[in-house]
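Here's a quick briefing to go with the sequence and the model. Have the viewer open and follow along by topic.

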Amino acid sequence: MSYTLSEKFASLKPSAVREILKVTSEPGMIAFAGGSPDTAAFPCEEVKKLSAEILEENPVSALVYGVSEGYDPLRKTVSKWLKERENVGTDDDVVIITAGGTQVMDITTRVLCSEGNTVICEEPSFIGSLNCFRSHGCKLVGVPIDADGMNIDALRKAVAENPNAKFIYTIPNFQNPGGTTLSLEKRKAMYEIARENNLVILEDNPYGNLRVAGDDVPAIKSMDTDGIVVYAGSFSKILAPGIRVAYAVVPKKIAPAFTIGKQVSDVHTGVLNQMIVSRWFDEYDVNAHIDNIQKIYRRKLNLMCDCLDEHCGEISYVRPEGGLFIWAKLPDGVEMLSYVNELIKHKVAVVPGSAFMVDDTAPCSYIRLNFSTPSDENIVKGVKIMGEVLKNTLN
């Protein structure tokens, strides 16, 4: 039998990140291409203990169908935690638990966008979200990022030229892949632009708790007096990605539609995993755990940056203040895809920057490097190889 894919799906391409990760399983490959947290940051013993307690005390409660909006004790805990830690959420908002952060992007698009509507996003941006928007038949309009986040003049122009835009998508903290942080001034400007043009802001903040330098910047959601910001967060980066528990803070007026959007996706997020996260907050000091993982990433980020400065002086980058990634620009005269393929031959895997662009066929001179997954030893070894391959390419 021959299969005909839907028009929306047929245009999608496999994630370049996932495709290149297949290469990382080869023996001896140094993986700068991933995006997973350091496994040393996983609270494995805590999760084992909590799982055993739940399944011993009342296994049925963890194995039945759950409420679409999420396990109520966890929703209350997340609401309280976000208000205390980030001043996010008011009585006019609803916390909804999702199966991973990308589901927030999927549901938001499903609820707000008709086919052919426009999503305005940073360029570059997270490929998973870009493909999500594409899968709903949305047109993507990319806005370039500066060292302090999305270029506001370009954003104004994009909004003016796309009257059918439905929302602005931003990763404000330690952007993936750019590593940049949206400044407070730009956050305020973005909010005003959205308010004046009847747009929603989809604020995706999976990395906000991974700050290793500088000062916290208030969330755009903390400024939301008009109910125009949907805020997405995740436990993938601070607990473990396999847990697949994330959350959305949604204005009450669209929460019923958001719930229906989740019901047609997966009905509910796994109850056992939600209960584990809820008890994790009850029985352990989550903020102290975050402090500890920040120490891990501070060391690894500084190590990779120091190695880049020593061995790859021709490569330029904005030093991130947190997150998991470095967005590195190759010097003029170096063809990016050729360099990436040559690195693979030398057992170093990086992600081509074109994967994160709205138009992935346009020329691109960037690569994305991940410092959380590789060991310290492999960071030193891998960056040294990058420098040697670059030197040979330039010569």
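**The sheet, the rings and the core**

Let's start with an open sheet of four strands, ordered S10-S11-S14-S13 and paired antiparallel. Strands S10 (316-317) and S13 (351-352) sit at the edges with a single partner strand each, so one side of each has no neighbour in the sheet. Keep in mind that this is a predicted model.

**Around the sheet**

- S13 and S14 run antiparallel and are joined by two bridges.
- Across from proline 352 you'll find isoleucine 367, which is in S14.
- Helix H12 (residues 286-311) lies across S10, S11 and S14, and it runs at about 15° to S11.

**Aromatic pairs**

- The structure has ten aromatic pairs.
- Take tryptophan 280 and phenylalanine 281: their ring centres are 5.8 Å apart and the planes are at 75°, so this pair counts as edge-to-face.
- Both of these residues are buried: tryptophan 280 has 1% relative accessibility, and phenylalanine 281 has a relative accessible area of 15%.
- For a stacked pair, look at tryptophan 327 and tyrosine 366, with 4.9 Å centre to centre and 5° between the planes.
- Tryptophan 327 belongs to strand S11 (residues 325-329) and tyrosine 366 to strand S14 (residues 366-370), so their pairing ties together parts that are 39 residues apart in sequence.

**Nonpolar cores**

- The largest nonpolar core has 92 residues, and the ones touching the most other members are Phe32, Phe133, Phe235, Tyr339, Ile367, Leu369 and Met386.
- H12 supplies the largest share of this core, with ten residues.
- Which residues does methionine 386 contact, leaving aside its neighbours within four places in sequence? They are Phe32, Leu308, Cys312, Ile315, Tyr339, Leu343, Val348, Ile367 and Leu369.
- Another core, of 21 residues, lies apart from the largest one, and its members include Ile120, Val141, Ala158 and Leu182.

Conventions
Residues are numbered from 1 along each chain as its sequence is written. This is a predicted model: local features need pLDDT of at least 70, side-chain atom pairs count only at pLDDT 80 or more; totals for chains, interfaces and linings use all residues. Side-chain values use heavy atoms; hydrogens and water are left out. Rings of Phe, Tyr and Trp (its six-membered ring) pair if their centres lie within 6.5 Å; planes under 30 degrees apart count as stacked, over 60 as edge-to-face and the rest as tilted. Buried means under 20% relative accessible area, exposed over 50%, partly exposed in between (1.4 Å probe, protein chains only). Two strands pair if DSSP finds at least two bridges between them. Contact means heavy atoms within 4.5 Å. Axes are lines fitted to C-alpha atoms, for helices over the stretch in contact, and angles run from 0 to 180 degrees between N-to-C directions. A nonpolar core is a set of buried Ala, Val, Leu, Ile, Met, Phe, Trp, Tyr and Cys residues joined through side-chain atoms within 4.5 Å.
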